[in-house]
Amino acid sequence: MERRSLTFTIFIHLSALLLAVIILAPMLWLFVMSISPAADLTAKPLNWWPTAIDLSRYQFLLSRIPNSAGAAFTASLINSIMVAGMATLAALVVAVPAAWAVSRTPSVTWSLYAVIATYMLPPVALAVPLYMGLATFDMLNTVYGLALVYMTILAPFTTWLMKSGFDSIPHEIENAAMMEGARLDQILRMITLPLAAPIMATAALFAFLLAWDEFFYALLFTSDQRSKTLTVAIADLAGGRVSDYGLIATAGVLASLPPVVVGLVMQRALIAGLTTGGVKG
């Protein structure tokens with residue numbers, strides 16, 4: 001096993017520390033803003049640490065008092081979880097058979113690239129037909145309609161990502177099972193999908209994050225607490241004549257918690273999925 005010099009080891013650790021600081025510093029500053037009194041946020045010179053801890057904004061945004069900003073925020077939080085969850089699940093239902101079919105039938109790979117090419121279109125170009133489609137089926141301003149729109153965005157991406165996972169699974173395993181008399185559904189359920197579980201988890205995580213952060217379509221297709229998502233709710237907080245930057249920062253901290261929790265829970269699967277196919281045995 002190759003031995004690393006002390007200098008190289010120190011360099012690796014310093015590089016990792018620098019990367020961590022670059023990634024975590026904005027989140028740390030967002031949290032500091034959320035607990036700082038309003039006077040500290042406008043003080044000159046800037047106070048890098050609050051003179052007093054103020055948690056009132058968290059209590060305000062998490063309150064369930066009817067017709068309050070807190071009720072609107074918590075409703076948007078629930079809507080975001082529902083929309084992102086449904087869109088991710090629907091995208092996986094579509095992407096799993098599509099990715100497997102493209103992986104096992106190289107002659108139809110062109111169809112996947114043709115669908116992915118639609119990502120080159122700006123979202124505004126699709127806004128009118130999507131709006132008319134949702135209006136026709138009476139799905140405007142509903143979490144189900146928004147989840148359906150997100151599914152159309154996520155399905156090509158998850159299909160492309162999962163295809164690489166299916167490509168790394170040897171065809172011989174499936175052929176051997178077929179020779180033993182296994183049906184196609186049994187092969188997928190008992191052999192292929194368990195082996196592709198890491199890449200499926202990775203695709204699900206990225207799809208959830210994309211749906212969670214989407215703003216443009218959520219702004220167009222939602223109008224009240226029945227379907228408005230967190231991204232739109234945070235924009236509403238900044239839309240007044242006087243913006244409470246501490247309140248916006250608090251909303252940002254709360255909005256980042258669900259993806260962070262999901263990422264930590266799926267960390268092992270994410271690492272395994274990202275390295276799938278990286279080493280050939």
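## Lining of the largest pocket

In this predicted model, the lining of the largest pocket is made up of eleven nonpolar, five polar and one charged residues. The space within the largest pocket amounts to about 510 Å³. A total of 17 residues line the largest pocket, and those closest to its centre are Leu209, Ser256, Pro259, Val260 and Gly263.

Several helices contribute to this lining. At least two residues each are supplied by helix 10 (197-213), helix 12 (230-237), helix 13 (245-265) and helix 14 (267-274). Helix 13 provides the largest share of the lining, namely seven residues.

## The second largest pocket

The second largest pocket has a volume of about 330 Å³. Its lining consists of Thr118, Tyr119, Leu121, Pro122, Pro123, Leu126, Leu130, Thr152, Ile153, Glu214, Phe216 and Tyr217. Two or more of the lining residues come from each of helix 6 (123-136), helix 7 (143-167) and helix 11 (216-221).

With three residues, helix 6 gives the largest share of the lining of the second largest pocket. When the lining residues are sorted by class, nine are nonpolar, two are polar and one is charged.

For the largest pocket, the leading contributor to the lining is helix 13, whereas for the second largest pocket it is helix 6. The lining of the largest pocket includes one charged residue, and the lining of the second largest pocket likewise includes one.

Conventions. Residues are numbered from 1 along each chain as its sequence is written. This is a predicted model: local features need pLDDT of at least 70, side-chain atom pairs count only at pLDDT 80 or more; totals for chains, interfaces and linings use all residues. Side-chain values use heavy atoms; hydrogens and water are left out. On a 1 Å grid over the protein atoms alone, a cavity is a set of points where a 1.4 Å probe fits but cannot get out, and a pocket is an open set with protein on both sides within 12 Å along at least five of seven lines; lining residues have an atom within 4 Å of a point. Grid points are joined across faces, edges and corners, and a volume is the space filled by probe spheres set on the points. Helices (H or I, at least four residues) and strands (E, at least two) are DSSP runs, numbered from the N terminus. Ala, Val, Leu, Ile, Met, Phe, Trp, Tyr, Cys and Pro count as nonpolar, Asp, Glu, Lys and Arg as charged, and the others, Gly among them, as polar.
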